[in-house]
Amino acid sequence: MSSLSERPRNPDVGQAIPHESADLHVTGRALYTDDLTGRTKDVLHAWPVQSPHAHARITRIDTTPATRVDGVVRVLTADDVPGVNDAGVKHDEPLFPSEAMFHGHAVVWVLGETLEAARLGAAAVEVDYEVLPSILTTAEAIAAESFQGGQPRMERGDVDAALASAAHVFHGEFECKGQEHFYLETHAALAQVDENGQVFVQSSTQHPSETQEIVAHVLGLRSHEVTVQCLRMGGGFGGKEMQPHGLAAVAALGAVITGRPVRLRLNRTLDMSMTGKRHGFHTQWRVGFDADGGLVALDATLTSDAGWSLDLSEPVLARAVCHVDNAYWIPHVRVNGRIAKTHKTSQTAFRGFGGPQGMLVIEDILGRCAPLLGRDPADLRRQNFYGPGQSTPYGQEVTQWDRLPRAWDQLLRTADIANRRQEIDRFNATHPDTRRGLALTPVKFGISFNLTAFNQGGALVLVYKDGSVLINHGGTEMGQGLHTKMLQVAATALGIPRASVRLAPTRTDKVPNTSATAASSGADLNGGAVKDACEQIKGRLAQVAAQHFGVHAADVRFDGGTVSAIGSKADPIPWAQLTERAYFQRVQLSATGYYRTEGLHWDSTVMRGTPFKYFAHGVAAAEVEVDGFTGAYRTRRVDIVHDVGDSLSPLVDLGQIEGGFVQGAGWMTLEELVWDESDGPNRGKLTTQAASTYKLPSFSEMPEVFNVALLPHAHEEGAVYGSKAVGEPPLMLAFCVREALRQAAAAFGAPGTSIDLPLPATPEAVFWAVEDARAGHADGAVERGDRAERHVPDQPGPDAHAPHPRSEELASEPAKG
């Protein structure tokens with residue numbers, strides 16, 4: 001067992017404790033960025049002037065009318081930028097654009113004494129536009145060849161030959177829409193400048209170091225002249241990894257120009273209309289199976305909808321391509337990726353970071369093809385799991401291949417799957433207008449940033465004379481419990497009670513050059529760094545204690561705030577007494593910790609390497625009931641077995657699994673982003689700009705029975721105290737809900753009915769799927785000769801529901817060869 005993963009006696013990690021700020025959250029005493037406004041004097045408020053066009057050249061801006069509005073102090077334009085007028089790391093996101101690239105694009109910003117004054121001032125600014133052609137959908141982008149960024153290609157084996165010799169070959173298309181983050185706290189920044197010109201920005205950001213860099217280059221400063229702090233976030237989900245930078249830069253620019261603090265907080269409508277979402281994806285695919293149902297080959301082209309700029313679209317696409325296999329061994333694979341440029345918000349990171357979109361491809365294929373092969377979908381999935389010695393299409397060996405079969409078998413047993421299937425069959429046989437479905441789906445998700453350089457973390461640990469401990473680390477807290485875990489890691493590493501440890505807000509002047517709190521790596525990277533710093537200090541204290549006890553330092557023990565020694569007759573001494581003694585012996589009581597993930601390498605030019613430290617695994621089963629008259633459904637029961645290694649904080653991890661699943665189920669079934677795609681004056685406008693039009697999962701969508709278990713005996717050798725990441729993988733567990741809906745809809749048709757189900761699978765979509773099943777308009781073809789290539793029908797467009805959507809019979813096309 002490695003020193004990184006080994007746990008001491010009586011560790012604080014592994015204890016099921018509440019979130020460290022839980023009481024503050026529920027009592028309203030937790031401070032967020034915008035709460036600091038009321039504690040700050042003479043604050044100015046910012047409001048944007050937004051483009052009413054999806055794509056337009058700005059021909060004139062007149063700010064004079066705004067300056068006449070009572071309370072308006074300043075209008076910020078491109079002319080005010082002393083540094084670089086760009087807020088993107090790819091240098092493709094002008095902070096003050098000369099060309100509006102999406103409906104709602106901020107053109108200039110108005111500063112006012114009050115928020116209302118700023119809003120009225122923004123309404124008074126005169127802007128003339130030359131409207132330009134716009135591209136809004138992935139289909140339009142593909143037709144116009146409107147692409148941006150790199151186009152990765154991952155390939156293994158001989159795909160064409162494998163498809164030519166496969167017993168069964170299918171081809172089709174699949175499209176999934178994006179998803180709004182809908183964090184409870186919208187984007188916010190508060191910027192100030194001190195008497196020395198030092199810029200201090202409070203920002204709701206997952207990546208303070210990058211926010212610092214962008215603010216600095218907009219202002220023409222160096223990084224040491226800008227400090228960014230993140231108290232905590234009211235949710236992030238990836239939406240605050242890149243998107244906060246430009247907003248913080250606007251606030252900082254206003255503060256520098258006016259000499260007064262500037263507050264920028266987006267209300268919900270502004271946030272939804274201005275900031276990026278999860279990438280929608282379009283996929284074309286061909287898949288081959290052998291005569292026994294084994295996957296033989298996959299040929300797929302993934303096209304992501306990036307919106308108007310790159311943002312994080314390239315790494316999102318790379319992760320999608322790397323996760324097309326999900327949990328399945330596919331000997332021959334060819335996946336091409338490309339990034340569509342459309343005139344919409346710049347889509348960004350979202351929990352899973354492209355992984356869900358990639359994994360959905362193979363899960364949709366298996367769900368649609370299983371009935372055509374005469375196979376139970378769960379059995380088909382289980383048959384194709386990775387086995388010993390097998391590697392991913394990009395060349396990384398799946399060393400823990402046994403985890404998924406263990407989790408799968410545990411779920412079959414604890415969720416009583418066999419008996420429940422029989423009950424569902426009896427129910428469906430006696431209820432002609434209601435059907436139930438039960439589906440199981442697996443998750444295999446790679447943990448680490450695809451870009452190797454990001455896999456590093458830092459920490460600063462301070463021990464005071466009285467024995468109290470203060471921790472700074474590079475990770476940010478957004479409700480996920482990272483700070484809770486870091487408190488437990490520090491208490492374990494030092495051998496002291498958790499009550500002796502306090503955690504400071506994340507600041508760039510305490511821990512520099514940090515990576516984003518993203519890629520589910522927050523606990524791995526920052527936990528390793530915190531542990532390293534604590535062990536440096538403990539090593540020094542062990543030398544002091546060794547002198548006291550008259551033993552070798554290796555025989556000193558730290559446990560529960562008491563220091564003792566093996567083989568010494570001296571009484572144990574309190575931790576605080578030892579730290580005071582160390583101070584008077586002039587022993588350093590602070591340390592900078594550092595951690596880098598070892599064993600990673602990645603060549604993005606050929607999409608080969610070992611980009612992930614390990615894989616997180618999980619299995620979920622969902623049972624649903626569908627009303628055949630309306631398509632309305634309810635989730636009756638969900639069972640999950642998930643691999644978190646040896647959990648650092650079981651209660652936190654359970655919360656993450658439950659929350660991730662529900663968020664994933666929302667994307668699968670409810671949350672639908674709708675842009676105006678007409679040629680009218682509102683073309684390009686996001687029409688789902690609030691909770692009134694954008695349906696979010698609530699208590700009523702929660703499973704009636706919800707069982708979550710952590711996979712036992714799952715120690716992870718390569719991570720801090722044997723744990724595994726838990727932030728993103730649970731979201732993909734929700735695939736089982738959509739697959740259960742597919743099976744329930746298919747149950748309205750004849751045996752062997754294959755259902756094409758859109759994503760999100762809204763009640764309307766389920767209704768039409770039920771109608772298809774009843775009418776026999778689902779997948780089905782007669783094989784010609786030894787085999788045939790069968791086309792799985794495309795999903796319908798928005799106007800394809802009258803009178804019989806997707807009503808063309810499948811064409812049975814002889815395969816080549």
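Student: In this predicted model, which residue forms a salt bridge with arginine 420?

Tutor: A salt bridge requires a side-chain nitrogen of Lys or Arg within 4 Å of a carboxyl oxygen of Asp or Glu. For arginine 420, the closest N and O atoms of the pair are 3.4 Å apart. The partner that meets this condition is aspartate 639.

Student: How many residues apart in sequence are the parts that this pair ties together?

Tutor: Arginine 420 belongs to helix 13, residues 417-430. Aspartate 639 belongs to strand 28, residues 633-642. The pair therefore ties together parts whose separation in sequence is 219 residues.

Student: How many salt bridges does a search of the whole structure find?

Tutor: The pair of arginine 420 and aspartate 639 forms a salt bridge. When the whole structure is searched, the number of salt bridges found is 50.

Student: Into which domains is the protein divided?

Tutor: Domain 1 consists of 33-133 + 181-274. Domain 2 consists of 280-450 + 604-811. The remaining entry in the division, 456-596, is domain 3.

Student: What area do domain 2 and domain 3 bury between them?

Tutor: The C-alpha centres of domain 2 and domain 3 lie 42 Å apart. Their contact takes 20 residues from domain 2 and 22 residues from domain 3. The size of an interface is often given as the accessible area lost when the parts come together. For domain 2 and domain 3, with 61% of it on carbon and sulfur atoms, this area is about 1500 Å².

Student: Which residues of domain 2 lose the most area to domain 3?

Tutor: Three residues together account for 41% of what the domain 2 side buries. They are Phe449, Leu648 and Tyr721.

Student: Which side chains meet in a salt bridge at 2.7 Å, N to O?

Tutor: Across the interface of domain 2 and domain 3, the rule finds 1 salt bridge. The count of residue pairs in polar contact between these domains is 5. The side chains that meet at 2.7 Å, N to O, are those of aspartate 653 and lysine 485.

Student: Which element gives the largest share of the side of domain 2 that touches domain 3?

Tutor: Strand 16 (434-447) and helix 17 (650-669) each supply at least two residues of that side. The residues of the side divide into 12 nonpolar, 6 polar and 2 charged. The largest share, 3 residues, comes from helix 17.

Student: Where is proline 760 placed?

Tutor: The peptide bond from leucine 759 to proline 760 is cis, with omega near 10 degrees. Proline 760 is found in the loop between helix 19 (735-746) and helix 20 (763-775).

Student: Over which residues does pLDDT stay under 50 while the model has 21 contacts beyond four places in sequence?

Tutor: The mean pLDDT of the protein is 95, and 95% of its residues reach 70 or more. Where pLDDT is low, the predicted coordinates should not be read in detail. The stretch asked for is residues 780-787.

Technical notes. Residues are numbered from 1 along each chain as its sequence is written. This is a predicted model: local features need pLDDT of at least 70, side-chain atom pairs count only at pLDDT 80 or more; totals for chains, interfaces and linings use all residues. Side-chain values use heavy atoms; hydrogens and water are left out. Domain bounds come from an automatic or database domain assignment. Contact means heavy atoms within 4.5 Å. Buried area is the accessible area (1.4 Å probe) that two parts lose on being put together, summed over both. A polar contact is a pair of N or O atoms within 3.5 Å; within protein, one must be able to donate a hydrogen and the other to accept it, and residues adjacent in sequence count only if both atoms are side-chain atoms. Helices (H or I, at least four residues) and strands (E, at least two) are DSSP runs, numbered from the N terminus. Ala, Val, Leu, Ile, Met, Phe, Trp, Tyr, Cys and Pro count as nonpolar, Asp, Glu, Lys and Arg as charged, and the others, Gly among them, as polar. pLDDT is the predictor's confidence in each residue, from 0 to 100.
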